[in-house]
Each structure stands twice: as C-alpha cells, then as structure tokens.
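Me: I've just opened this model and I'm new to it. Please take my questions one at a time.

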Amino acid sequence: MRETQIMMALFGVTPDDLKKITQIALSKGGDYADLYFEYSTANELSLRDGEVNSASSHIDYGMGVRVLSGDRTGYAYTEVTTMEEMVKAAKAASAIASQKGNSNKLENINITPLSKKGRGYYPVKKSWEEVNILSKAPFLQQLNELVFAADNRVNKVMARISDSNSKILFFNSQGTLACDTRPMFSIVATCIMESNGKVENNSVSKSFRGGFEFLTDNLIKELSAEVVSRTAFLFDAIRPKGGEMPVVMAAGSSGILLHEAIGHAFEADFNRMNTSIFSDKMGEKICSEEISVVDDGTIPFNRGSINIDDEGVLGQKTYMVKEGILNSYLHDRISANYYKTAPTGNGRRESFRHIPLPRMRATYMENGKSTEEQIISSVKKGVYAKNFSNGQVQIGAGDFTFFVKFGYLIENGKLTTPIKDINIIGNGPEALAGITAVASNNIIDDSTWICGKEQYCPVSCGMPSVLVNKLTVGGDD
C-alpha cells in the first residue's frame with residue numbers, strides 16, 4: 001500500500017480523485033473505464049571515434065483515460081495531471097466511446113490495491129536515477145579499448161549505453177489500483193573491421209530490467225569478445241547457393257522467428273478479428289507433441305518481464321502451445337471479455353499516449369529431448385542458422401522472410417563452411433508443424449529486441465535448437 005501512496009503523491013492524485021475521473025469517464029455510458037499514469041526518465045550515452053561524445057536525457061509524463069462501450073473504445077490523454085485537464089481527457093474519452101449517450105453513474109467504487117509478490121521480478125539495488133554520466137562513461141571507453149586490442153583489423157567501434165525508469169499508476173472502474181516501477185538497461189556495441197580492402201561489421205547487444213549493478217566489467221568483457229568474434233567470422237564466410245532444404249535453427253536469437261512468424265498469430269486481437277490462421281484452431285493439435293511454446297512475463301530481470309501489465313493484470317506465464325496443442329491466446333481485457341476467459345497479462349502499450357493491445361513479453365519454446373549434435377548429425381545437406389536479425393512477416397497468413405547474419409552449411413551431418421547474409425523464407429504455422437526435432441539447450445536471448453506492432457514495446461525471445469524439415473534459403477543463384 002505504501003508504494004501506491006508514493007505513486008499517487010508523484011502524480012498529485014488521491015483515491016477520491018481517481019474515483020471522480022473514472023465516474024466522469026463513464027458519464028455518457030460505458031461498460032468499463034481505466035486510468036493510466038506514467039512518469040518515465042531515459043538517458044543515453046554514446047561512444048564514437050574513440051570518444052564518449054554524445055549524451056541525451058528525456059522525461060515523459062502524463063496520463064490516459066480509456067472507456068469501453070460495447071465494441072467502441074474511447075481514449076484521450078493529457079501531459080498535465082491537474083484535475084481540470086484530467087477531467088477534460090475523461091470527457092473526451094467518454095464522448096468517443098458513447099453510443100447512446102445514456103448515463104452510467106457509478107455510485108461506489110471500492111478500491112482494492114493489487115498485491116505483487118515480494119519485490120517483483122526486477123528488484124533494483126542501485127537505481128539509474130542515482131547514477132551520473134561520469135559513472136557510465138568509463139565502461140564505454142573500456143569496451144572500445146578491449147575491441148581494438150582484440151584484433152588488428154578493427155578500424156571503428158561504436159557503442160551506446162541507455163537506461164530508463166518508468167513509474168506507473170493504474171486504476172479502473174472495477175476498483176483495481178496497481179503500480180509498478182520498471183527499470184531498463186541496454187548496451188549495444190558495433191565493430192567494423194577491414195582486411196585487404198574487405199570490410200565487415202557486426203553488432204551485439206544486451207538488455208535487462210535492472211539497475212546500475214548490471215553494468216559490470218565482466219559484461220563489458222563478454223560483449224567485446226562476442227562482437228569481435230562475430231565480426232571476424234564474416235571474413236571467412238560465403239553466401240551459399242539457395243533452395244529448399246532442412247534448416248537447423250540455433251538456440252537463442254532464432255526465437256525471433258518464433259515471436260514474429262508464430263507468436264503474433266496467437267495474439268487474441270488477430271484471432272478475434274479472424275485475421276490469424278489460428279482463429280478456429282483452439283484445442284487442436286498444430287505441431288509435434290514435443291513442442292510447448294510459452295509467453296512469459298515472470299523471468300527475473302528479463303527485458304520482456306512485467307510485474308503488472310498496462311491494464312493492472314499481474315504478470316504471468318502463459319502456454320500458447322502445450323505439447324503440440326493450441327492451449328491459449330494472449331489476452332488483454334477486451335479479448336478476454338470476448339472469449340469469456342481471464343486476461344493473461346498481455347495488455348501492453350508504448351506509453352500513456354497509447355491504448356493497450358495484446359502484446360508478447362518473453363516468447364520461447366521449452367526444451368525437447370534431443371541434443372544439438374544429434375539434430376545436426378541427422379541432416380545430410382542443409383544450413384545451420386546461428387544469428388537471426390530483422391525480417392518481415394505477414395501476420396494473417398504467417399508468411400515470413402528473415403535475415404540470418406551468419407551460420408554454417410551442414411554436409412553429411414557436420415558443420416562445414418561458414419555462411420553469411422542469407423534469407424530464410426517460409427510460413428510460420430507450416431514451419432512450426434515442420435519442426436521434427438527439439439534440443440534441450442534453450443537460451444533466452446538478452447538482446448535489445450523491440451516489437452513494433454502499431455506501437456513499440458520491449459520484448460525478448462528464445463529457443464532451443466530445432467530442426468525444420470524444409471524452408472527456402474535465399475542465397476546465391
């Protein structure tokens with residue numbers, strides 16, 4: 001209760017104020033209303049040409065009012081939390097959502113603070129708000145020196161540290177009162193090498209929900225070694241011939257394919273609108289019984305974790321696919337009401353300026369029974385995709401194209417020639433159904449993944465190594 005009192009003081013509101021604004025929001029009729037308050041600070045520090053030479057800070061503050069009336073949603077926000085401006089926002093949201101203009105005055109709202117377990121999934125030892133720029137700069141300088149010292153082909157290093165802290169207060173017409181403090185830390189390093197006129201580059205990033213204690217010498221050493229080895233790898237890699245073939249997806253960042261090509265199709269708004277290929281497949285077998293796909297908001301310090309979502313629902317772990325069976329969609333309050341089920345804690349928004357939507361958190365596949373070595377040895381001719389990056393997906397049908405920065409050819413059950421810069425082309429549901437082996441080496445990738453479904457939200461992804469029996473590999477003709 002003390003945390004909610006601190007948050008209400010931060011935004012200058014009382015329980016009576018919250019009730020009043022909510023009642024005004026429902027004054028023209030409506031089934032439900034909620035209020036979302038946000039105070040976020042963000043800082044960024046960059047290194048280029050051997051110097052820490054760029055810094056920026058940003059503060060965002062405001063609140064939004066949402067009203068649901070049947071199938072209509074009214075939303076308005078203000079960057080000033082005076083009672084006058086919040087009342088204006090409530091009236092605007094009410095007018096947008098109103099269908100008949102009938103009054104729906106709430107006589108009583110009993111406030112029930114939402115209780116989170118312990119200190120939540122991302123307790124902080126030292127807040128970023130306590131740290132000044134002089135404490136961060138040496139880490140970037142150390143990173144620059146380590147990368148240059150590791151390989152004489154390095155000719156440029158770019159690096160960036162960013163941190164943020166968001167304080168959230170939520171209240172709705174059901175009386176739920178919830179709050180959260182959400183830290184975020186990210187570091188990105190890009191290495192450019194040149195050898196005999198040939199230039200290669202690669203980037204590595206790490207991101208966590210955590211405080212200054214996550215920025216350590218060991219993290220810098222790990223990051224520098226990884227970005228150097230990944231960039232150096234590319235000098236010996238080729239673009240292979242393309243065609244249809246088996247693809248072994250390595251553990252870790254391959255999970256972005258799971259997120260984009262499959263995970264979006266499990267978000268309940270797409271299914272409610274019948275635009276997902278899985279709209280009529282709840283309870284059906286859609287892949288091997290060895291496969292379970294999870295969206296999880298409860299992994300400690302994970303970039304995608306949430307103590308509460310942006311609708312005041314506790315973070316939780318949701319099995320979308322359980323032993324090959326489509327088990328659950330990812331729900332916000334709207335879709336949960338439509339499907340007559342409980343929300344899954346997936347109502348997320350970019351900021352107080354946006355309405356919540358069903359969004360993923362940390363999406364991954366659970367371990368299978370094979371080893372990666374067994375999977376690779378079963379492939380006569382194919383590719384091993386090690387590092388996935390960007391791609392394009394048609395969410396309704398699930399057709400995708402993903403870019404793989406590097407990997408290996410598989411020939412007669414062994415990894416042979418290094419490869420780079422290939423596209424993997426296929427269909428998400430077909431690829432899921434085409435997974436014939438799953439390893440027991442699941443890795444949750446801690447890179448700076450961002451989901452851009454209408455709004456931007458931090459997410460993470462992961463996967464054990466898997467064998468997809470057939471995908472199109474785009475390489476040289």
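Me: Is Ser-292 buried or exposed?

Reply: Some ground rules: this is a predicted model, where local features need pLDDT of at least 70 and side-chain atom pairs count only at pLDDT 80 or more, while totals for chains, interfaces and linings use all residues. Residues are numbered from 1 along each chain as its sequence is written, and side-chain values use heavy atoms, with hydrogens and water left out. Buried means under 20% relative accessible area, exposed over 50%, and partly exposed in between (1.4 Å probe, protein chains only). Ser-292 has a relative accessible area of 7%, so it counts as buried.

Me: Where does Ser-292 sit?

Reply: Helices (H or I, at least four residues) and strands (E, at least two) are DSSP runs, numbered from the N terminus. Ser-292 is in a loop, the one between α7 (268-272) and β9.

Me: How many Å separate the C-alpha atoms of Ser-292 and Tyr-364?

Reply: Ser-292 makes contacts (heavy atoms within 4.5 Å) beyond its neighbours within four places in sequence, including Tyr-319, Val-321 and Tyr-364. Tyr-364 is 72 residues away along the chain, yet the two C-alpha atoms are separated by 8.6 Å.

Me: Which residue of β22 stands opposite Asp-445?

Reply: β19 and β22 (residues 460-463) run antiparallel, joined by 3 bridges. Across from Asp-445 you'll find Cys-461.

Me: How many of the residues of α6 are buried?

Reply: This helix is mostly covered. Among the buried ones are Leu-257, His-259 and Ile-262.

Me: Which elements each supply at least two residues of the lining of the largest cavity?

Reply: On a 1 Å grid over the protein atoms alone, a cavity is a set of points where a 1.4 Å probe fits but cannot get out; a pocket is an open set with protein on both sides within 12 Å along at least five of seven lines; and lining residues have an atom within 4 Å of a point. Grid points are joined across faces, edges and corners, and a volume is the space filled by probe spheres set on the points. The search finds 1 cavity of 30 Å³ or more, and Leu-257, Leu-432 and Val-468 are among its lining residues. The elements are α6, α10 (428-433) and β23 (466-474).

Me: How many nonpolar residues are in the lining of the largest cavity?

Reply: Ala, Val, Leu, Ile, Met, Phe, Trp, Tyr, Cys and Pro count as nonpolar, Asp, Glu, Lys and Arg as charged, and the others, Gly among them, as polar. This lining has no polar and no charged residues, and its nonpolar count is 9.

Me: Is Gly-428 buried or exposed?

Reply: Gly-428 belongs to helix α10. Leaving out residues up to four places away in sequence, Gly-428 touches Ala-261, Ile-262, Gly-398 and Phe-400. Its relative accessibility is 0%, so Gly-428 is buried.

Me: Which element gives the largest share of the lining of the largest pocket?

Reply: This pocket holds about 890 Å³ of space. Its lining of 36 residues has Ser-164, Ser-166, Met-184, Glu-350 and Pro-458 nearest the centre, and it divides into 10 nonpolar, 13 polar and 13 charged. The largest share, 7 residues, comes from β1.

Me: And which element gives the most to the lining of the second largest pocket?

Reply: Here there's about 770 Å³ of space. Of 37 lining residues, Asn-387, Phe-388, Ser-389, Ser-447 and Trp-449 are the closest to the centre. With 8 residues, the top contributor is β15.

Me: Which residue in the turn between β2 and β3 has a positive phi?

Reply: β2 and β3 (residues 72-78) pair antiparallel over 7 bridges, with Val-67 opposite Gly-74. They form a hairpin with 2 residues between them, and the one with a phi of about 60° is Gly-70.

How values were computed:
Pairing = 2+ DSSP bridges.
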